[in-house]
Amino acid sequence: MLSLIFIGIRLEQQFGFSTLSVPFCSGSVLSSLFIQRSISVAASGALFGLLGLMLSELLTNWTIYTNKATALITLTIIIVINLAMGILPHVDNFAHIGGFLTDFLLGFVLLLRPQFGWVGRKHLPAGARVTSKHKAYQYLFLVIAMVLLIAGFTVGLVMLFRGENGHDHCSWCHYLSCVPTSKWHCGN
């Protein structure tokens, strides 16, 4: 919960409440496809969603940051450690992965920032060259993310409403949520 507060406050201050209220239920579809006989209730899917938003915001607004490599490495380490903890039994890693992937893509759509030249255009002299509001790669990320989001949610919801089990289409996916060892068994 502390992570939700700290990460959520940072993102909300930069992008506003209305922007961040959209992505909070995104891990539920993937979790529902793979864990059908259990109820999963937790804030961790939303936390991973915020981590996905942070990563896509970093990549989308790459030119704004000064310590790019440090921010990327730190965020990647946090994500990998938390996903690795999700392979313990009784942890819904599908909600983590679904929240992360969906909000990672949503971040390319919702968290675009204008470039510096665009923000300062009001103070330019009359005939000065005005830069584009966004970089070309930002528009490319936006289009790719929209296509993947629409396709992913369409396929996921169709499978969910048909009552299909995600494990029928992915024989190794059960290892994403639990890896059996000599200390514990994963059950169905």
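Predicted model: local features only at pLDDT ≥ 70, side-chain atom pairs only at ≥ 80, totals over all residues.
How do the axes of helix H6 and helix H8 cross, and within what distance do they come? Keep that question in mind while we get our bearings.

Let's start with the overall plan. The chain holds 8 helices and 0 strands. Reading from the N terminus, the order of elements is α-α-α-α-α-α-α-α. If you take the contacts with a separation of 6 or more, 77% of them come from residues 24 or more positions apart.

Now back to the opening question. Helix H6 covers residues 93-110 and helix H8 covers residues 136-162; their axes come within 8 Å and cross at roughly 140°. Angles over 145 degrees would count as roughly antiparallel, and 65 to 115 as roughly perpendicular, so H6 and H8 are described as oblique to each other. The crossing in which H6 passes H8 is left-handed. To find the contact yourself, look on the H6 side for Thr102, Leu105, Leu106, Phe108 and Val109. On the H8 side, the partners are Phe141, Leu142, Ala145, Met146, Leu148, Leu149 and Phe153. Sorted by class, the residues of this contact are 11 nonpolar and 1 polar, with no charged residues.

A second pair of helices is worth a visit. In general, two packed helices are described by the angle between their axes and the distance between the axes. Helix H1 (residues 2-15) packs with helix H4 (residues 44-60) at an angle of about 40°, and the axes are 10 Å apart. Angles under 35 degrees would count as roughly parallel, so H1 and H4 are oblique to each other. Their crossing is left-handed. From H1, the residues that take part are Ser3, Leu4, Ile7, Gly8, Arg10, Leu11, Gln14 and Phe15. They meet Ala46, Leu47, Leu50, Leu51, Leu53, Met54 and Glu57 in H4. Divided by class, the residues of the contact between H1 and H4 are 10 nonpolar, 3 polar and 2 charged.

Helix H5 spans residues 68-85, and Lys68 lies in it. Leaving aside neighbours within four places in sequence, Lys68 is in contact with Trp62 and Thr63. Leu58 is 10 residues from Lys68 in sequence, and the two are 8.0 Å apart in space, C-alpha to C-alpha.

Leu83 is also found in helix H5. With a relative accessibility of 25%, Leu83 counts as partly exposed. Not counting residues up to four places away in sequence, Leu83 touches Phe48, Asn93, His96 and Ile97.

Asp168 is found in the segment after H8. At 63% relative accessibility, Asp168 counts as exposed, because exposed means over 50%. Asp168 and Phe34 are 134 residues apart in sequence, and their C-alpha atoms are 9.3 Å apart in space.

Finally, look for Cys170 and Cys173. What do these two residues form? They form a disulfide, with their sulfur atoms 1.9 Å apart. A disulfide is a covalent bond between the sulfur atoms of two cysteines. The pair qualifies because the cut-off for the sulfur atoms is within 2.5 Å, and the count comes to 1 disulfide. The link between Cys170 and Cys173 is right-handed, with 80° about the S-S bond. Cys170 counts as buried because its relative accessibility is 12%. Cys173, at 7% relative accessibility, counts as buried too.

Definitions and conventions. Residues numbered from 1 in each chain as written. Heavy atoms only, no water. Buried < 20%, exposed > 50% of the residue type's maximum accessible area, 1.4 Å probe, protein only. Axes fitted to C-alpha atoms, helices over the stretch in contact; angles between N-to-C directions. Helix = DSSP H or I, 4+ residues; strand = E, 2+ residues; numbered from the N terminus. Left-handed = near helix turned anticlockwise from the far one by under 90°. Contact = heavy atoms within 4.5 Å. Nonpolar A, V, L, I, M, F, W, Y, C, P; charged D, E, K, R; others polar.
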